[in-house]
Amino acid sequence: MRLGILGAGKIVKEFLTFADRVPDLTIATICSRPKSEEKLKQLCAAYSIPHYDTDPNQMLDRKEIDTVYVALPNSLHYTACREALLAGKNVICEKPLTSSYTEARDLAELAEKQGRILLEAISTSYLPIMKEIQRRLPDLGRIRLVSANFSQYSSRWKDFRQGIIQPVFNPEMAGGALMDINIYNIHFLVDLFGAPDDVHYYPNIDRGVDTSGILILNYPDFNATSIGAKDSESSCGITIQGDLGHLEIQKPANAIDSFTFQKNGLPESLEKVSAPFRNHRMYEEFVRFTEIIRDNDLSFSHEAMEKSLAVMQTATFARETAGILVPSEV
């Protein structure tokens, strides 16, 4: 995979710390706004990236790249992905895929028309432990309740309270706790149980953006509670309760590496299952992305996109129940 990176923010800097250990991955260029040129020079020097661009069109014209990694603010995902697909590039887009289900569906249709691969970068779905969780679900019996909490006090919260609005708290850039952090919980639930029948979102709104909130997902036989917070913190984790046993995770949904399983009423049955990820929580997904693009595995990418569409539909319905609009809907 010959990669062009679109963006130079926090997630890109995190990606670059392990990218050189991903087999068959070459970073050919990195692109950001002209005012970030000095930052681009520093990143190129630090990580041996041969080129940088300050114009996305210039990057898309480069024949040495076959894939674009979109790591921009949420509201820019749709346009950036669309332009990359029209330029004949495969696309890996940071979560959330887009700001709305309509945008996500349009991109999925365009990728299929172009014969290109479109993937959402969401570490949760590619963690090794997910296969172990799926394997143990039948041991829980009939699922009765699921609860997930991803509360991460934002380093940008104090600025926000003082009127300095960063993208993660900017409603005009599709920011907010649901799309930034609770989206991991939604992916976890959709990966295991599919799309819910109904959703309701109860957010805490400040300056027009949801800084935290509780999402209720209704399934045919059980209900799930999904909490996401950027304005406060607590222990993160997930609990899946069945009528035969329960499974507990003491990590946020984007960095799970172990869980405990116990049969109901039998403390002696407690067991811990571990499946550590290598190098970094995002490493496994990029190893898989490289394989998919190397093999032009359209079948897998279509399957992954169906899950991403289900997640975006769930998130869109959730916003609608709370009256939250994204820029494309205003």
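**Salt bridges in the predicted model**

R135 counts as exposed, because its relative accessibility comes to 53%, and the cut-off for that label is over 50%. This value, like the others here, comes from a predicted model. Its salt-bridge partner is E132, with the closest N and O atoms 2.9 Å apart. E132 has a relative accessibility of 23%, so this residue counts as partly exposed. Both residues belong to helix 6, which spans residues 129-136, and because R135 and E132 are three residues apart there, about one helical turn separates them.

Now for a pair in another setting. D53 and R62 also form a salt bridge, and their closest N and O atoms are again 2.9 Å apart. Here, though, D53 is buried, and R62 is buried too. That label applies to residues with under 20% relative accessible area.

What is R294 bridged to, and how far apart are the closest N and O atoms? The partner is D295, and the gap between those atoms is 3.0 Å. D295 has a relative accessible area of 47%, so it falls in the partly exposed class.

As a general point, side chains of opposite charge can pair when their charged atoms come close.

Terms used:
Residues numbered from 1 in each chain as written. Predicted model: local features only at pLDDT ≥ 70, side-chain atom pairs only at ≥ 80, totals over all residues. Heavy atoms only, no water. Salt bridge = Lys/Arg side-chain N within 4 Å of Asp/Glu carboxyl O. Buried < 20%, exposed > 50% of the residue type's maximum accessible area, 1.4 Å probe, protein only. Helix = DSSP H or I, 4+ residues; strand = E, 2+ residues; numbered from the N terminus.
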